[in-house]
Structure formats: C-alpha cells, structure tokens
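Biologist: I'm new to this one. Could you walk me through how to read it?
Modeller: Happy to. Let's have it on the screen.

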Amino acid sequence: MSSITYIRCASQLITVRGGTKEPKRAQDMSDIGIIEHGSVVVENGLITFVGSDVEAERYVHTLNGHINTIDASGKIVTPGLIDAHTHIVFGGSREKELEMRLNGAKYIDILKAGGGILQTTTSTREATEEQLIQETSKRLNRFLQYGVTTVEAKSGYGLTLEDELKQLRAAKKLDERHPIDIVSTFMGAHAVPVEYKENPDEFVRLVIEEMIPRVAEENLAEFCDVFCEEGVFTIQQSEQILEAGKRYGLKPKIHADEIVQFGGAELAAKVGAVSADHLLQVSDEGIKQMAKSGVIAVLLPGTAFFLMEKPANARKMIEAGVPVALSTDRNPGSSPTESLPFIMNLACLTMKMTPAEVLTACTINAAHAIGKADEVGSIEVGKKGDLVLFDAPNYQTLQYNYAVNLVDTVIKKGQVIVEGGALRDVPVPTT
C-alpha cells in the first residue's frame, strides 16, 4: 500500500520550478514558480502531483492507500532548504575568539597564532568517531527545525590521514541514519597543520598522494575543496590539490578570495569548479570568468556578519550572470549557527538580494552547488518529497520578519519530521 502525504490549500506554493538542468541566473533567480492556493502530493517519498487545489482534489480521488492530509491554509510551502557549505563535523568550541576579535584580533592572525582552525583540529583529533557523530547529530536536529533537509559537510579539521577519514566516516554514517541527507566534501587542505608549518609543500604532497586516494577508495566524498588564501594555500598548491582530486573523481570546490583578492575565483573557473565560496574580495575579472564558466558562487553572509566584515557583492555577481547560492557556513569559529532562514534575512539586509532571489539561492541553486538538482531543490514531479511549511501568508514575510523562525512543518521524503515547530522523535545515531 502506498504511503501518501497530501499538502493542500497553501496560501502560496513556491515551486522554484524550471532550474533542474542548470542553476538559475540573473533575472531567472526571481522566478520562483508561485502557485496561489496550491497543493502537492508525495507518494512513497517522491512528488507525484503539483498544482492547484481544485486539480489536486481530483487527483487525490484516484489514489489508493492511506492519505496523510496536511492543511497548509494561511501558510506557504517551499522546497526543503539546502545548505551547500558547512563544516558541521568537528570537536570542541571556540567561543573565546569572539572576545578576541572584539578586542581587535583578525581571523588570519588568530589562525597564525595557533588558534582558529588549528584549535578545532586539536579538539577534533582528540574526539572519537562516536563523539563526532553524537555532537553532529545535535546540529543536524537544529538544522531540521530551521527547515533544512539537505546539507553539505566538509572535513578539514583532522589534517592527518586518519583524522580526515574519521570526520568523513562520521558524516557517512550520519547520512545513512539521520533524516537529513548529507553530501560530503574532502577538505584536507583546510589549513597547514602545526607539524608542517615549516614545510607546507610536504603537507600538500600528503594531501595529494595519501589522503585523496584513500578518500576515493572508501567512497567517502563527492567533492574536493581547498582554502586558497594568502597565508594558507597558494594558487599553485590549490590547483595541484584540485587537479589531483579530479583524477580520483572528486569534483572541485574552492574557498576563494575571502580575506584578500587572491585569484581564487579565476582558479575556480580554470579548473572547472562546481562552486567558489566566500568571495568577499573577488575581482571583477574573477566574476567575469565565473559567469563564463558557470561556476556557482556560494555566498556566506553570516560569516561576514560574525567576523564584522563587509559582505560579498551579491548584486554585482547576479547582474554579471553568476548563479548564486547561500549557506550558513556552519562552523565553530566564523559562523556558529544552523539558522539558514537568518542567513536569508542577512542576504536581503546586507547584500541587497531580493526575497525571491534568496529562496532560489537556498533551494535549486544550492542543490546545483552540491550536485543534487535532479533530486531536490524544487517542487516538481519526480523529485524527493522534501518540503517546508512556513507560518507566513506570502514569501516576502520570511524576510520581513528577520531572525524569527517561521518554520511550522518539515517533511522529508514525505514523512513529517518537524510539526508545529517541534522536532518529532529523531533517534541519535550510534556507531
């Protein structure tokens, strides 16, 4: 017997249709496919009907099986939100850095002094795989309550072969056991560990010759990322790492031009990266090349906000034809939040993106940024039944009520996971 979920009478059904083959750009980012008074039907985890309430009533009468009907009157329904850039598998915390930065310390100075990523590396190395699973599961639960149904998760806090594998194995087990879908990215080149401080090229060799082959052998990641930045990895080192990843089937991503204008966006275009992320200091030439090559800009306004820096120039990128996605950048140092809706608020208030553009950026464009646009990111027949009901009469209200969680119901593959804003019983995964 079929498992059927019928969401009916939405004030607005925000389908974000039409972007499955390629991400939305420029004016297309504002086309979010609104159906006034719309309904959607999910059967056995997949969407089988999208349309008006009247059409839905006729369709539902043809179905056999138990139907779980959800009244969405007065609410909007969107695709499940997608967070395309996170560092959620880690040990420890770094709350003391906030006070350091308030007293004038810069992010890169904290890193050079052994703090930042390197402090989290120490904590992550000390944690067991089971501890990482337990702590990450709590973060994933909070993501669900904010309407997020799919996340990308990077390694990069181990910086040894075994500790990088430990992070990725934890993410893989969580993907298998937690309701949220997790797409993993290998980021062994997140920082140069203390033990290689005087010989960073040797660490690059370790990443290329030992880490990448093992990650590929165990099928632990889909992407390879690198922190291409002054004082971290050079353009040449970054290109070597990303090209090595490509040889092993890992699609390239890149942390680019976050702190200084460094040429990371241009490198992203050169190596055919799926996305270039951060981009606070991206050059006009970098934007031009990204647009030409179809590189997705994953922008992280929460990171700029938390580090008290000027955010990326989203308007310039959108107007140049660069497809834009948004993310929390959830991590312990520069963006400790699971609230993607707040990031959407910030994108409007600090980067001048429109409410429609931010919905596109957190759904179908984010899906493209992690290679899942054929499965999620829009409400279309054949895709997973990942849906969010927001207690809002229209999509503009989501950004008008900033820093307020308007999530009422979260549906994952047709199953209600969050109801009335509260998380239903989600088991804590164990090894």
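Modeller: Let's begin with a definition: two strands pair if DSSP finds at least two bridges between them. Helices (H or I, at least four residues) and strands (E, at least two) are DSSP runs, numbered from the N terminus. Residues are numbered from 1 along each chain as its sequence is written. Also, this is a predicted model, so local features need pLDDT of at least 70 and side-chain atom pairs count only at pLDDT 80 or more, while totals for chains, interfaces and linings use all residues; side-chain values use heavy atoms, with hydrogens and water left out.

Biologist: Which residue stands opposite Thr-185 in strand 9?
Modeller: That's Phe-223. Strand 8 (residues 181–189) and strand 9 (residues 223–228) are joined by three bridges, in the parallel sense.

Biologist: What holds strands of a sheet together, in general?
Modeller: Strands pair through backbone hydrogen bonds, either parallel or antiparallel. Here, eight strands make an open sheet with parallel pairing, in the order 6-7-8-9-10-11-12-13. At its edges sit strand 6 (81–83) and strand 13 (324–326), each pairing on one side only. On average, neighbouring strands of this sheet are turned by 25° against each other, direction ignored.

Biologist: Which strands does helix 5 lie across?
Modeller: First, how such angles are read: axes are lines fitted to C-alpha atoms, for helices over the stretch in contact, and angles run from 0 to 180 degrees between N-to-C directions. Contact means heavy atoms within 4.5 Å. Helix 5 (residues 129–145) lies across strand 6, strand 7 (148–154) and strand 8, and runs at about 140° to strand 7. Helix 13 (residues 340–351) packs on the sheet too, touching strand 6, strand 7, strand 12 (296–299) and strand 13. Its direction makes about 80° with that of strand 6.

Biologist: Is Ser-275 buried or exposed?
Modeller: Buried means under 20% relative accessible area, exposed over 50%, partly exposed in between (1.4 Å probe, protein chains only). Ser-275 lies in strand 11 (residues 275–278), and it counts as buried because its relative accessible area is 0%. Leaving aside neighbours within four places in sequence, its contacts include Pro-252, Ile-254 and Val-298.

Biologist: With which side chain does the side chain of Ser-275 make a polar contact?
Modeller: A polar contact is a pair of N or O atoms within 3.5 Å; within protein, one must be able to donate a hydrogen and the other to accept it, and residues adjacent in sequence count only if both atoms are side-chain atoms. For Ser-275, the partner is the side chain of Lys-253, at 3.0 Å.

Biologist: How do helix 9 and helix 10 cross?
Modeller: Angles under 35 degrees count as roughly parallel, over 145 as roughly antiparallel, 65 to 115 as roughly perpendicular and the rest as oblique. The axes of helix 9 (residues 264–271) and helix 10 (residues 284–293) come within 8 Å and cross at roughly 20°, so helix 9 is roughly parallel to helix 10. Residues making the contact include Ala-265 and Ala-269 of helix 9, and Gly-286 and Met-290 of helix 10.

Biologist: What does strand 5 pair with in the antiparallel sense?
Modeller: Strand 14 (residues 387–390), over four bridges. There, Val-388 is the bridge partner of Thr-78. Strand 5 (residues 76–79) is also joined by two bridges to strand 1 (residues 3–14), and those two run parallel.
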